[in-house]
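Work through the exercises below with the structure in view. Each task is followed by its solution.

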Amino acid sequence: MDKWLIRFSKSGTLRYIGHLDLLRVFQRTIRRAGLPVAYSQGFNPHSLFSFALPLPLGMESVNDYAEITMENSVTAEELTGRLNAHTPRGLVVTGARPAMKGEAGVAALTAAADYSFFMPPAADSGACPGTEAITDMLQAILAEKVITVPKKTKSGLHDADIRPDIYDLRLTPDHGIVMRLAAGSARFLNPALAADTLLRRMAQPDSGIVLKRLELFKNENGLFKPLIDACIEEG
Amino acid sequence: MRVTDEILLKVAKPGRYVGGEINTVTKDPAVVETRFAFCFPDVYEVGMSHLGLQLLYFFLNRRPEVYCERVFMPWPDMGALMRENDLPLFALETGDPIKQFDFIGFTLQYEMSYTNVLAMLALAGLPLRAEERGEDAPLVCAGGPCACNPEPLAPFIDFFYIGDGEAALDDIMDAYRTHKAQGGAKRAFLEKIASLPGVYVPAFYEAAYDEEGALVSFTPCHPAAPAVVKRAIVPSLEETFFPDQMIVPLIETVHDRATLEIFRGCIRGCRFCQAGFIYRPVRERSPETLLAQAGTLVDRTGHEEISLVSLSSCDYSAFDVLADGLATQLTPRRVNISLPSLRVDAVSASALEKLTSVRKSSLTFAPEAGSQRLRDVINKNLTEDEILEGCSRAFEAGFDRVKLYFMTGLPTETDDDLMAVARLAESIVDQYYRLPREQRRRPVSITASASCFIPKPFTPFQWAAQDTAETFMEKQQLIKKQIQKKQITYRYHDARTAVIEGVLARGDRRLADVLENVYRLGAAFDSWTEHFHYGLWEQAFAEAGVDPLAYTGERPLEALLPWDFIDMGVSKDFLRREWTRAHQALTTPHCREACAGCGLSSYMGQPCDAGTAAHKAKPQ
């Protein structure tokens, strides 16, 4: 029995498929591919396949992750190749690696996520601030020690400090804002809340943004590394 | 033009509207000659669970010049956004508006979907009435079981197709191909196909009524139209097309499984059951064919469950061979075998064993009536002992969930019959607890579901009176009070929906005005309890000047029935004989015990073997 991590992208029509449905899509894809996936014991056996972090419906995901346990040995090429021969349009498996000895499960491993979005143009001028301006604003936010927002909890509306869950903010060459936020079962910051908060602090319109999830990270001795790391990431 | 992301993010389950599923057919619309929009008048999840859609989709798409795409009724939230944004009803494969297609075809599976048929025509941007649609509008057709009484929808449809899709659809497509190449009006095409088996063009017939509103004549008013429309039947299923793949939805649907149609028709002759009669004669597929199909279906879909579909799966003459073969083939692949429509008396212990080795679904039995007397009236040849014995065997095999179907409002029913429903459900619970303790892992769960009897055309009960909504509700409560045991969940269907269904099922053309009225008042998704509003129907009837009670009462034997002009193969004489026998509580043996002369053998022009030939013909 070998555990594998796979990396996949979810885009196009597949964006409109929710998390549980995506699980079923994968389960049937695995069966059509004839892959020797392992099953759980017990009354209602299910295939040993699970996701790193659920994706909200409507969100595109560039590098997303799941783990799958195979009953017999396969190669990475076989795994990705056979899956891709049977995935629906919009779902592409882009990489696979065996789980490392002693490595936590992919959900437990996930510590952070990168999300991107484009700043909406101002309603009146239709223009956006320039690169320097945005970069300055993002640095200013990072410089803040505390960012308090009202958060809805079971016991009502509470003020919470979300600054500790914002690990990084940067601007991409094509003018996209990328947020690295806490993600996973231990800590999780809702990206929509984060984006909303950022835009308000930058005094920008906050409606109509489309969030994309770019990557999921594990925390390796204080450094964030993608769950499947093709090359060494610079700190 | 596809629906925008903005709209998709506003609606529930946007996956309903995006297509992109596994095994859908992609063709270049610019290259095909005939575009066919297959419309299922209910929401995506319901329509995608329907085997007929899968069958006809691949049947039509196997023709290179035809592109058949799917259309479902948008959920109210999407419907509203489509109207607000001027987004016309589109097909899933290409996103193209269906008003540009050559054909719009509806499948009529249940009468309560009729308002959705109108809603879809309107959403497509087409006039509802056939006579108001111009030459550039698609040909609107409809088929499916309700087409055996098409009259309430007649003024909205260009032609109905009555019978097996595989029988004459190719001929219709061939005729259209020629017609389109030559050019010509729609009417000319309708004239050409009017003589094909199964085709009914409403515009070519006239109905006349007396002062009380009763139908007095129904005759062709066009030379091309036959006086009697004969149902199209394929003589054998073995040679008939069967898809070796199914579209696999991306979102959860009602039935997420591969489906095998094992035979059509039914030998039992239960007197309330329309399907059993309108799908006769029984035609089976051989177990070899089915096993091959099962394997391919599972390969191509990746489904974890396969369902055997027929009106009475245990009557399949090679059931044990099939069950054995499926278990051998599919159990190692972890595919669960699901059996709807199981008759308790025909389940053998060994068959149950084989089918339950992967995962246990619940077993379904349909006693329909609580007392033996009433079961004899409806010709459900099942004794209480057989029911208990069958449940016993199922329990021993490890089943602990049983579904029971009953009907209230059956002809000659008394309060004693109703109380017998509760007693029967309770004795099944008792039966479970007779098992030794070690064999009872969980408490038993019995679901007793009571629907309301609706007299249907082409059954011996087509003359019967239907109970009023008030009477149904009293009866449902009577049973409820009688059921004491906590292991039994009692469910019952909405009586008012049943009455409307009863009106539409035995209705005539005058109901078209009612349907148009109720649609304009906002009715849609009438088969959904949360969307059915009886008040709208009451108003619609009043505005049309039509009394619903005129349709639900007992019909005189000599009356002209709105569906009499259609020959489904079952003779009216046979139905009358069975109606008389019902009143005497006389049962009629099933087809393999004795031929009751239902009329199908003369209709088919050959002796009827009650479906046993398919596997016998193959060398063993």
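**Exercise 1.** Find how far apart the mean positions of the positive and negative charges of chain A are.

Solution. Take Lys and Arg as positive and Asp and Glu as negative, leaving out His and the chain ends. Place each charge at NZ of Lys, CZ of Arg, CG of Asp or CD of Glu. Chain A then has 26 positive and 26 negative charges, and their mean positions lie 7 Å apart.

The model is predicted: local features need pLDDT of at least 70, side-chain atom pairs count only at pLDDT 80 or more, and totals for chains, interfaces and linings use all residues. Side-chain values use heavy atoms, without hydrogens and water.

**Exercise 2.** Compare the radius of gyration of chain A with that of a compact globule.

Solution. For 235 residues a compact globule would have a value near 18 Å; chain A has 19 Å, which agrees. Along the principal axes, the C-alpha atoms of chain A fill a box of roughly 55 × 40 × 35 Å.

**Exercise 3.** State what share of chain A is buried.

Solution. Count residues under 20% relative accessible area (1.4 Å probe, protein chains only). Of the 235 residues in chain A, 49% are buried.

**Exercise 4.** Describe the interface of chain A and chain B.

Solution. With contact as heavy atoms within 4.5 Å, 21 residues of chain A touch 27 residues of chain B. Next, take the accessible area (1.4 Å probe) lost on putting the two together, summed over both. This gives about 2,100 Å², 56% of it on carbon and sulfur atoms. On the chain A side, Y16(A), R28(A) and R31(A) lose the most area to chain B, together 33% of what that side buries.

How values were computed: Residues are numbered from 1 along each chain as its sequence is written. Chains are lettered from A and ligands numbered from 1 in the order in which they are written. The radius of gyration is taken over C-alpha atoms; the globule rule is 2.2 Å times the number of residues to the power 0.38. Buried means under 20% relative accessible area, exposed over 50%, partly exposed in between (1.4 Å probe, protein chains only).
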